[in-house]
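Here is a short briefing on one protein chain. Please look over the sequence and the model before reading on.

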Amino acid sequence: MNDASIQPGRPRRSKVIEPQLHEISDAALVVAVARYNQDALAEIFRRHGGAVHALAKRVTRDQALAEEVTQELFVRLWNEPERYDSARGTLRTFLLMQTHRRSVDVIRSEEARKRREQNDTAAIAATSYDIDHEFGDLADREAVREALQTLPQDERRAIELAFFHGLTYREVAQRLEQPEGTVKTRIRSGLKRMNEALAQWKTVEA
């Protein structure tokens, strides 16, 4: 038996009926989200998720990025519902502004990432090129050194002074106390021998 039956003259207390989520305003839903009501967030997503995703896809032109932006927007709304101020506009306008801003940031981030990857690829390619050529130069210098060692002493010394010490024919002749003509002959002869030795070496390497 209830109170109403005991005191028939007492007014009956009206039953408080919670409004259904689909019946309340966006602002009220955000307040509910602030109270950790997941159903309220789901209702907001039902109302505005499609528009958010469509705008994100139109800006990013990428399905995966659009889904990423959409998910990020609603996660942010869940974590920071106080960012929305109903006095400054509707929730849809707020969400779409956030969507556009975040989509542009995502595009810039993607472009920056692609530029970094391209620069890294170019740097790696350039490094490989330099290493290959440096190795080739070292190999050539080693071959020249070996070819030079095969020459007779007088030819080797004249070439060393002319090409490795930068002396003129006359200076080489003065340094070796030999006629300039003799020095030229020895250098030509030595270079011919070296060319033959280098050609033979390259044939073996090939």
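This is a predicted model: local features need pLDDT of at least 70, side-chain atom pairs count only at pLDDT 80 or more; totals for chains, interfaces and linings use all residues.

Residues are numbered from 1 along each chain as its sequence is written, and side-chain values use heavy atoms, with hydrogens and water left out.

**Overall fold**

- The chain has eight helices and zero strands. Helices (H or I, at least four residues) and strands (E, at least two) are DSSP runs, numbered from the N terminus.
- Along the sequence, the pattern reads α-α-α-α-α-α-α-α.
- Of the 206 residues in the chain, 25% are buried. Buried means under 20% relative accessible area, exposed means over 50%, and partly exposed lies in between (1.4 Å probe, protein chains only).
- Take the contacts between residues at least 6 apart in sequence: 55% of them join residues at least 24 apart. A contact here means heavy atoms within 4.5 Å.

**Nonpolar cores**

- The largest nonpolar core holds 21 residues, and Ile-44, Phe-74, Leu-91 and Leu-95 touch the most other members. Such a core is a set of buried Ala, Val, Leu, Ile, Met, Phe, Trp, Tyr and Cys residues joined through side-chain atoms within 4.5 Å.
- Four helices each supply at least two residues of this core: H2 (26-34), H3 (38-60), H4 (63-79) and H5 (91-149).
- H4 gives the largest share, six residues.
- Leaving out residues up to four places away in sequence, Leu-95 touches Ile-44, His-48, Val-52, Leu-73, Phe-74 and Leu-77.
- A second, separate core has 15 residues, including Ala-143, Ala-147, Ala-158 and Leu-167.
- In soluble globular proteins, nonpolar side chains tend to be buried together.

**H2 against H3**

- The axes of H2 and H3 come within 8 Å and cross at roughly 140°. Axes are lines fitted to C-alpha atoms, for helices over the stretch in contact, and angles run from 0 to 180 degrees between N-to-C directions.
- The crossing of H2 and H3 is left-handed. That term applies if the near helix is turned anticlockwise from the far one by less than a right angle; clockwise is right-handed.
- H2 brings Asp-26, Leu-29, Val-30, Ala-32 and Val-33, while H3 brings Ala-40, Leu-41, Glu-43, Ile-44, Arg-47 and His-48.
- The residues of this contact divide into seven nonpolar, one polar and three charged. Ala, Val, Leu, Ile, Met, Phe, Trp, Tyr, Cys and Pro count as nonpolar, Asp, Glu, Lys and Arg as charged, and the others, Gly among them, as polar.

**H3 against H4**

- H3 and H4 pack at about 145°, with their axes 8 Å apart.
- Their crossing is right-handed.
- Residues of H3 in the contact include Leu-41, Ile-44, His-48 and Val-52, and those of H4 include Leu-65, Val-69, Phe-74 and Trp-78.
- The contact of H3 with H4 divides into 11 nonpolar, seven polar and two charged residues.

**Buried polar and charged side chains**

- Asp-26 sits in H2. Asp-26 is buried, with a relative accessible area of 17%.
- The side chains of Asp-26 and Arg-47 are joined by a polar contact of 2.5 Å. A polar contact is a pair of N or O atoms within 3.5 Å; within protein, one must be able to donate a hydrogen and the other to accept it, and residues adjacent in sequence count only if both atoms are side-chain atoms.
- Not counting residues up to four places away in sequence, Asp-26 touches Arg-47, His-48 and Leu-91.
- Gln-98 lies in H5. Gln-98 is buried too, at 9% relative accessible area.
- The Gln-98 side chain makes a polar contact with the side chain of Arg-83, at 3.4 Å.

**The loop between H3 and H4**

- Asp-62 lies in this loop. Asp-62 is partly exposed, with a relative accessible area of 30%.
- A polar atom of the Asp-62 side chain lies 2.9 Å from the backbone nitrogen of Ala-64. For the backbone nitrogen of Leu-65, the distance to a polar atom of that side chain is 2.8 Å.
- Arg-61 also lies in the loop. Arg-61 is exposed, with a relative accessible area of 77%.
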